[in-house]
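Work through the exercises below with the sequence and the coordinates at hand. Each task is followed by a stepwise solution.

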Amino acid sequence: MFVYASALIFMESGGTSIMHDVAIIGCGVIGAAAAFELSKYKLDIVILEKENDVAMGASRANSAIIHAGYDPKPGTLMARLNVEGNRMAGELCKALNVPFNRVGSLVLAFSDAEMLTVWELYDRGVANGVPGLEVLMADQVRKMEPEVSDQVVGALYAPSAGIISPWDYALAFAETAVVNGAKLCLNTRVTGIEKRDGGYHIKTNRGEYDAQYIVNAAGVESGLVHEMVAEKTFTIMPNRGEYYLMDKCEVVRADHVLFQCPNKDGKGVLVAPTVGGNLIVGPNAEAVSEPERVNNTAAGMNFVREKALKSVPTINFRNSIRNFAGIRANSDKDEFQIGIAAENFIDLAGIKSPGLSSAPAIALYAAELLKECGMNAPKKENPVTTREKLRFRNLNDEQKREAIRKNPLYGRVICRCETITEGEIVDAIHSPITPCSLDGIKRRAGTGMGRCQGGFCGPRVLDILSRELHKNPMEILQDGEGSQLLLSETKQEVAK
Amino acid sequence: MLYDLIVVGGGPAGLAAANSAYQKGLKNILIVERDKELGGILNQCIHNGFGLHRFKEELTGPEYANRFIQMLSDTNVEVMLDTMVLEINKEHEVHVISAAKGYQVLKAKTIVLSMGCRERTRGAIAIPGDRPAGIFTAGSAQRYLNMEGYMVGKRVVILGSGDIGLIMARRMTLEGAKVLACVELMPYSGGLMRNIVQCLNDWDIPLYLSHTITNIIAKNGRVSHVTVSALDERRNPILGSEMEFDCDTVLLSVGLIPENELTRAAGIQMDPRTSGAVVYENMETSVPGIFACGNVVHVHDLVDYVSAESERAGAAAADFVLSGQPEADAVQIVNGADIGYTVPQKIRISRVAKFADVFFRVRRVFKDSVIEISAGDTLLTSFKREHMAPGEMEHILLTKAVLDKAQGRDITVTAKEA
């Protein structure tokens, strides 16, 4: 069995387990945001994550949108936390150095009936406290978005909607929490929880943990974790969404997030720019039985293409650079399942869209709920709430010169499509949460995000990872457990 | 420092262009190469078959590259390795960075673009299924195998019958892997006939034409099997034709795309058919003094032709510096029936000394065919071909006399059965 460096450092010794104040189960964007918020308090925090990196579930494959907050019904937690999370995103992303851009969104209407929906959304948005909403007529829409379909009769404009790097949002929270002293245990799957005096005893595939409080942020598995301590009150119904990511040349198709009117399956297929400068198109919505299976299907991709062309007929799908799919941790309830589920145990569960948008507000709420449970730790005097990250391609010429002068590795471009330097890759490897895979580097540094999809830089990133981590190249993973890229050295068969 | 010529990319195209510019009298030449050595993709092409036209012998990729590197070793052509070009502009400025020298802005009288091409990926063709480890472009697998010394798989299915995929079918077999199938979407191969014979047939690897991969299934993070389906005439999978292959690896050889991000950013006119720059008879682009050659202009089948084309580009760059070029009118080369593209796209007939080289690819397979060159209703000349296929580049020479017969009208290239 292979053991990762970062996990090893924080691994508990088998039988004798120390008491933590808080155990957070799951380190997607919700668990990470909660960890970040709680790490501002004088608390001993342990985060248990079953995958080999953070943000490995819904957080890494979604529409990458910070929604304005006109969708959820007024009075719901979703409505309150979405609008609050949206409001928080600007400052947070600046402080934590997360790519975020408040480009605004349009909900396109293609008929008079859909214009009624647009007005309904407008009213809901106003009730929810969404700032700046406007209902636009067709000519105003086309002025803002010249490539939209001429079938568009109007739209709801929400200037506060934004686009974000979802995995970097989660990473920023998790890394900063770790810097503040939270312990992150990767490859650690919770298998059972027992109530004991003064807290909980948690069994995992890698030793046992004791904690006074538990925060359940286990995403698609949050139902299972809930049922380890409480009666079943909701059922997670995993729902898959498929996407196209388009070459940068297609980003001209949309300056805003372009939605269609929502229907029973969700917010429908959107067309939007990404913070990386690409165009994202999707998703469909399909209930699936395997919560971990994020495969693409011909039917799903066809559906997405067809629907997207309804909004923007000029999208050229020959410029697709990647298809992907993500799983939403929907539940059978049309509401986040957030609350005190048992003594000293809170659920942050059933987090469907707008979960990413709500994440920092959910984290604040989680801290309040823990206080309700009796948590009374004071705040730290100077918790870290900022994160530095050098992104070479965003520097101006003079800054580039200076960066290379300080560290010549910034002068060696490894990912030619995205202009990612060896310096940034080495930074990523030695960041607070050590990546062990090419995709881990991709999420941190951006290598392989471009049009060649890592065809050129993959072997070089693998080489740098193996060098910096002192690992055999054959141990380096593409992504999760079992995803080794290289199977043997050459000449093995010939030698036989 | 003002260079006579900066060559962007030190692969076969850049090497030949620099060498020929030097032979024509340019003394102040710089090659900028992002890798740690010259030679480009040839360095990982350790199979033989290079140089049959050019040197009348069979060389490996590194040997072929080395011939040109040797020619340069006797010159004062400067080489910057491990150096990336970030930007080129119409003022002939070249922004480069390297770990050794930092950020520099270089200036040149002329520039030759020779950045080569990249492979199309899974995302470009939307293959359904899981996204585990074990799916590689044929070129990255070739790099892992031939340069890093690792096997990426033991049981392999290859999608696409491009030349790199075919070469890798043989190479993986030689290293002990079992190549189960080569699957091609089109009813004909995308690669050279000699590679079909030497890399598939000789090793009993089946080639499934008009088939594609319709599902990839993963187990524990790695490819576990793939579904291959036959396609109908409209390229839709035929229900019931599915075959399952138990494999750990899928190699993709589904086409190459010229790498022209620098070209586009410089505002140079592009041709959507080639995904390369529009060029004149001497490989000059729409920006005076900026030339392009090799796979960055159009994807070649043989490196020998890359060298020849790049030598013309290098010579023209030398001409540009040493004698300057008067303005001249150009005619378009128009694609007739079943012609995918032509390079050059434009000819300045007054600048043609003896003849103009024209390269093109046909859109379908032809037997006993004829290539007709016409201007308006006038048939200027024709060429007979026993066999033409999209996987093979066609080359014709249009003499000055033929070009003059066009009398300034656009020239149309057409392919038809004889």
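Two residues are in contact if their C-beta atoms, placed from the backbone, lie within 7 Å. The model used throughout is predicted.

**Exercise 1. The contact between chains A and B**

Determine how many residues each chain gives to the contact, and which elements of chain B supply its side.

Solution. 
1. Applying the cut-off, the contact takes 47 residues from chain A and 40 residues from chain B.
2. On the side of chain B that touches chain A, at least two residues each come from strands S6 (83–88), S7 (93–98), S8, S9 (117–119) and S11 (150–151), and from helices H3 (122–125) and H4 (138–148).
3. H4(B) gives the most to this side, with 6 residues.
4. Sorted by class, the side of chain B that touches chain A has 11 charged, 14 polar and 15 nonpolar residues.
5. Strand pairing also links the chains: strand S23 (residues 488–489) of chain A runs antiparallel to S11(B), joined to it by 2 bridges. Here A:Glu489 has B:Tyr150 as its bridge partner.

**Exercise 2. The surroundings of strand S1 of chain B**

Find which strands pair with S1(B) and in which sense, then state whether the strand is enclosed or open.

Solution. 
1. S1(B) runs parallel to strand S8 (residues 102–113) of chain B, and 6 bridges join the two. Within this pairing, B:Ile6 has B:Ile111 as its bridge partner.
2. S1(B) also pairs with strand S2 (residues 29–32) of chain B, in the parallel sense and over 4 bridges. B:Val7 stands opposite B:Ile31 there.
3. For burial, the cut-off is 20 or more other C-beta atoms within 10 Å of a residue's own. By this count 6 of the 7 residues of S1(B) (residues 2–8) are buried, so the strand is largely enclosed by the rest of the structure.

**Exercise 3. A sheet of 3 strands in chain B**

Give the strand order, the edge strands and the twist of the open sheet that 3 strands of chain B form.

Solution. 
1. The order is S15-S16-S17, with antiparallel pairing.
2. Strands S15 (211–219) and S17 (243–246) of chain B each pair on one side only, which makes them the edge strands.
3. From one strand to the next, the twist averages 25°.
4. Between S15(B) and strand S16 (residues 222–230) of chain B, the antiparallel pairing extends over 8 bridges. In S16(B), B:Val226 stands opposite B:Ile216.

Terms used:
Residues are numbered from 1 along each chain as its sequence is written. Chains are lettered from A and ligands numbered from 1 in the order in which they are written. This is a predicted model: local features need pLDDT of at least 70, side-chain atom pairs count only at pLDDT 80 or more; totals for chains, interfaces and linings use all residues. Two strands pair if DSSP finds at least two bridges between them. Axes are lines fitted to C-alpha atoms, for helices over the stretch in contact, and angles run from 0 to 180 degrees between N-to-C directions. A residue is buried if 20 or more other C-beta atoms lie within 10 Å of its own, exposed if 12 or fewer, and partly exposed in between; C-beta atoms are placed from the backbone. Ala, Val, Leu, Ile, Met, Phe, Trp, Tyr, Cys and Pro count as nonpolar, Asp, Glu, Lys and Arg as charged, and the others, Gly among them, as polar.
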